[in-house]
Amino acid sequence: MLEKILKEYSLVLLAACAFAVPFRAWGAQTVNPTQLPDEHIEVTAQPEKSGPVLLYSDSPEMVKGNGILYRDTVGGSVRIFLHHVNAMRSDKKIAVVVRNISSMRPVRCEVTRKGLGKSAWNYMEEGKNSQRIYFATLGKGESKTIGFSRHIELITGRGFILEPGKLLSGSIELYLNRPAEISVLMCDVKNSLDLFTENASVLPPDEYLLRGTFKDADWHYTIREPIAMQDDEVMMMHLASEEEGYAKGIDATNGMETVNCGNYGILYKISFAVSGRRPVRMVLNSLAGEFAGWAVIEKEGVERKAVPIPRHRISTAGHYYEMSEIGVLDEGNYNFIWSPPGGSNLPVRLYWENADTYIWKKS
């Protein structure tokens, strides 16, 4: 299922970030089969849902006028996922503004994680770069106090200048000790964020309706049976798919129920064990088209490696049968941590196979 209609983009070389970890093999190299496996064992597991509330702002994706792109009042642990293009003819300012409008007491805002790119015309490059930064910045936070009727801006402190045709995509995670209003907005470069946030209207969504507030944005899957491969066995798991199920929430700007098609902004953790003496190759398959992202894989909860998908270019070529290798895994307990990248096509599948042979025919 194609979640977004994408333009064609040029492929640009991206250097992989280095985590020195003693795994057997790493790096999402692209495998080029001519077909998907005829037979596989489907792995299913029910997610345990917890974690922050997600504010998802991706509609309108192509912003054609100044205004509020998404807004809600929330407290506690919050994840903001934004994905917007300046579709106007001049530079604009995109901002994420947190205002204390409901408490006479100060609101403490602690930013715990931030993964935003530098903006790009190549949407795949921007989505992939924002995820690289996101997975590298856990725990590098900052704390600020917001007095009554005051505000702070979360991207740079004063908003981000976005050129015409460029995309800004990524995630910000924060903790608010009291509820505060959060607004994602786009305005003229010289606009006062304080006055604009107070007086601007909310823009209507586009045809994709990809925005809303969603509870429990961390989904943890535990595969109960160990991964132990026979010669010709292949195991497969759906992610970010209609079969798996999409997050459901509320568009706080109009009170309408909404569905997060693709589960953008949801952080996945898939826990599994590899058993036996045979190493297992783990690959990711993007079924719906071009894909570019990052993931993290952990062994025994200690060793950690960030993996670009794919490794040697920005994105996959868009073939439904294309595979990107995550790694070759020896016996042990693993976590695969991943989130749907902005700009990429979904759903995806994870495959596990015997590492000594490729089940898929290569072109």
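Guide: A salt bridge, as the term is used here, is a side-chain nitrogen of Lys or Arg within 4 Å of a carboxyl oxygen of Asp or Glu. The structure above is a predicted model, where local features need pLDDT of at least 70 and side-chain atom pairs count only at pLDDT 80 or more, while totals for chains, interfaces and linings use all residues. Residues are numbered from 1 along each chain as its sequence is written, and side-chain values use heavy atoms, with hydrogens and water left out.

Visitor: Thanks! Which residue meets R108 in a salt bridge?
Guide: Side chains of opposite charge can pair when their charged atoms come close. For R108, the distance from N to O is 3.5 Å. R108 is partly exposed at 33% relative accessibility, where buried means under 20% relative accessible area, exposed over 50% and partly exposed in between (1.4 Å probe, protein chains only). The partner of R108 is E110.

Visitor: How many salt bridges does a search of the whole structure find?
Guide: One of them links K144 and E142 at 3.9 Å, N to O. There is also a network of salt bridges that connects R71, R99 and E181. Searching the whole structure gives a total of twelve.

Visitor: And how many disulfides turn up?
Guide: A disulfide is a covalent bond between the sulfur atoms of two cysteines. The search looks for pairs of cysteine sulfur atoms within 2.5 Å. Among the cysteines, C109 is buried at 1% relative accessibility, whereas C261 is partly exposed at 23%. Across the whole structure, the number of disulfides is zero.

Visitor: On to the fold: how many strands does the protein chain have?
Guide: Helices (H or I, at least four residues) and strands (E, at least two) are DSSP runs, numbered from the N terminus. The chain has two helices. Its number of strands is 25.

Visitor: Why is strand β25 described as largely enclosed by the rest of the structure?
Guide: Strand β25 covers residues 348–354. Strands pair if DSSP finds at least two bridges between them; β16 (residues 234–239) runs antiparallel to β25 with six bridges, and β20 (residues 280–286) does so with seven.

Visitor: Which residue of β25 is the bridge partner of V280?
Guide: V280 is paired with a residue of β25. For V280, the partner is N354.

Visitor: Which residues touch the most other members of the largest nonpolar core?
Guide: A nonpolar core is a set of buried Ala, Val, Leu, Ile, Met, Phe, Trp, Tyr and Cys residues joined through side-chain atoms within 4.5 Å. The largest one has 41 residues, and its largest share, four residues, comes from strand β19 (residues 267–274). Apart from it lies another core, of 32 residues, including V63 and M88. In the largest core, the residues that touch the most other members are F272, F336, W338 and W352.

Visitor: Finally, what percentage of the chain counts as buried?
Guide: The protein chain has 363 residues. Of its contacts (heavy atoms within 4.5 Å) with a separation of 6 or more, 85% are between residues 24 or more positions apart. The buried percentage is 56%.
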